[in-house]
Amino acid sequence: MRIASYNVFHGGLVELNMPVLGKDIAEIGADLAGLQEIDQFVKRSGNQDTLSLIAEAAGLPHKGFSRGIDLQGGEYGTALISRYPIRSFTVTMLESGTAEQRSFGHAVLDVDGKEIHFINTHLSLGGAENRAPQFAQIAAELPADAPWVVTGDFNTQDFDEFSPLDGQLFNCPARRFGSFYPKDSAIDNIVLSHHWTITDGGMVDKKDSDHNMIWCDASL
């Protein structure tokens, strides 16, 4: 299975031509993609159904949107898209203090009859103390007896912060990708349960956002 994580900066670097972002995902043949900084029917993005436009161009028809905040007549947050049907999808608001409200989406996928859990998020800026309760909330959602994947812009390259998830980090000290390229920051990641073996991966250096997409191949 090929899994991607892509902070798309609300399409601001592709002149709001959202299918360009979807084609980036299609070009690598992703089966799952977690998306961050998604506008839905927001004025600054032309009131577009951004998620549907990206999903259609990516060839990944199953989707879920996780609202973080209301913005300019619409909503702003994260989303996930999948080649596989979604059995259920829930949105959980993360503890965000006085900072911008964050959330995560949790899809239970039907992959050829097998249940796989897919979570996508965008954690808070600032110090580790702002993200610690958020990591804990996500960890509480992870099943012990089924494979899971967590994608996101975690706003940290301190890989020790991920320890509550007890998973395998794709972006890690031994395989580092500075995907937030203006600052060469390894803040985007894909975390997998120990059911998986990571077999390949990389970063797509296209500059269609202020983040480059990262991806990995994993097998059960």
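This is a predicted model: local features need pLDDT of at least 70, side-chain atom pairs count only at pLDDT 80 or more; totals for chains, interfaces and linings use all residues.
Helices (H or I, at least four residues) and strands (E, at least two) are DSSP runs, numbered from the N terminus. Local features need pLDDT of at least 70 and side-chain atom pairs count only at pLDDT 80 or more, while totals for chains, interfaces and linings use all residues. Residues are numbered from 1 along each chain as its sequence is written, and side-chain values use heavy atoms, with hydrogens and water left out.

Trainee: Which residue in β12 is the bridge partner of Asp 200?
Mentor: In β12, the residue bridged to Asp 200 is Asp 217.

Trainee: Which are the edge strands of the sheet?
Mentor: The open sheet has six strands in the order β3-β4-β2-β1-β12-β11, with mixed pairing. Pairing on one side only marks the edge strands, which are β3 (62–71) and β11 (197–204).

Trainee: At what angle does α1 run to β1?
Mentor: Helix α1 lies across β1 (2–7), β2 (32–40), β4 (74–82), β11 and β12. Angles run from 0 to 180 degrees between N-to-C directions, with axes fitted to C-alpha atoms, for helices over the stretch in contact. On that scale, α1 runs to β1 at about 155°.

Trainee: How far apart are the axes of α1 and α2?
Mentor: Helix α1 (residues 18–28) and helix α2 (residues 50–58) pack at an angle of about 40°. Their axes are apart by 7 Å.

Key
Two strands pair if DSSP finds at least two bridges between them. Contact means heavy atoms within 4.5 Å.
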